[in-house]
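Please look through the sequence and the three-dimensional picture below before reading on.

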Amino acid sequence: MPQRDTIHPFIKQALIKEGWKITDDPYVISYGERFLFIDLAARLDALNPNTGQFIGARRGNRQIAVEIKDFRGKSAIADLEQAIGQYVLYRLLLERVDPGRELYLAVTDTTYDEIFSEPIGELAIRDLPLKLLIVDVEAVEVKQWIPPEAIARLSSR
């Protein structure tokens, strides 16, 4: 199993605070002879949406998987390339093995400000499209879901 990013527990706790129920930590995908590990899977507790707990998660009948990246390498662009590569591969695999689960890339608010709010990050968000979960690790809370309408749809189910 791969080593966890240092922000893993903060992302997990922020999701729990928001009412997600963590269902898998990590979420294991088996495809062919390979096993891949997405950091979390979660669901939202339909009975009490303010006390859910997840990373690989479900909200009503909807589920999410969350790949966590802390962008601590020497190059933000190299970190972005690696994160996008993993995200795209995991999204392709989820479409085959768990098509009802939505994939999110979780980053800190600092990482978002430093790379994803720049034109190159905006390009990835818009054209892939890339779904982001932005967390303030100091406050241990979710600051933003991108795109916001994706989570709004989940809440209404």
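## An aromatic cluster

Trp20, Tyr104 and Trp145 form one aromatic cluster. The structure shown is a predicted model, in which local features need a pLDDT of at least 70 and side-chain atom pairs count only at pLDDT 80 or more, while totals for chains, interfaces and linings use all residues. Residues are numbered from 1 along each chain as its sequence is written, and side-chain values use heavy atoms, with hydrogens and water left out.

A search of the whole structure finds three aromatic pairs, where rings of Phe, Tyr and Trp (for Trp, the six-membered ring) pair if their centres lie within 6.5 Å, and where planes under 30 degrees apart count as stacked, over 60 as edge-to-face and the rest as tilted. Among them is the pair of tryptophan 20 and tryptophan 145, which is tilted because the ring centres are 5.7 Å apart and the planes stand at 45°. This pair links distant parts of the chain, since tryptophan 20 lies in strand 1 (residues 20-24) and tryptophan 145 in strand 9 (residues 141-146), 125 residues apart. Helices (H or I, at least four residues) and strands (E, at least two) are DSSP runs, numbered from the N terminus.

Tryptophan 145 also pairs with tyrosine 104, and here the centres are 5.1 Å apart and the planes at 85°, so the pair is edge-to-face. Because tyrosine 104 lies in strand 7 (residues 101-108) and tryptophan 145 in strand 9, the pair ties together parts that are 41 residues apart in sequence.

Buried means under 20% relative accessible area, exposed over 50%, and partly exposed in between (1.4 Å probe, protein chains only). For tryptophan 145 the relative accessible area is 9%.

## Salt bridges

A search of the whole structure finds eight salt bridges, each being a side-chain nitrogen of Lys or Arg within 4 Å of a carboxyl oxygen of Asp or Glu. The table gives some of them.

| Pair | Distance, N to O |
|---|---|
| Lysine 12 and aspartate 25 | 2.7 Å |
| Arginine 72 and aspartate 70 | 3.4 Å |
| Aspartate 98 and arginine 101 | 2.7 Å |

Lysine 12 counts as partly exposed at 23% relative accessibility, and aspartate 25 is partly exposed with a relative accessible area of 22%. Arg4, Lys12 and Asp25 are linked in a network of salt bridges.

Arginine 72 is exposed, with a relative accessible area of 62%, whereas aspartate 70 counts as buried at 14%. In the remaining pair of the table, aspartate 98 counts as buried at 15%, and arginine 101 counts as buried at 10%.

## A negative patch

Which residues form a negative surface patch? Asp113, Glu114, Glu118 and Glu122 form it. Patches are made of residues with over 30% relative accessible area and no salt bridge, with like charges joined within 9 Å and nonpolar side chains within 5 Å. Glutamate 118 has its place in the loop between helix 3 (109-116) and helix 4 (119-127), and glutamate 118 is partly exposed, with a relative accessible area of 36%.

Conventions: Areas by Shrake-Rupley, 256 points an atom, 1.4 Å probe, with all protein chains shown as cover. Lys, Arg positive; Asp, Glu negative; His and termini not counted. Charge placed at Lys NZ, Arg CZ, Asp CG, Glu CD.
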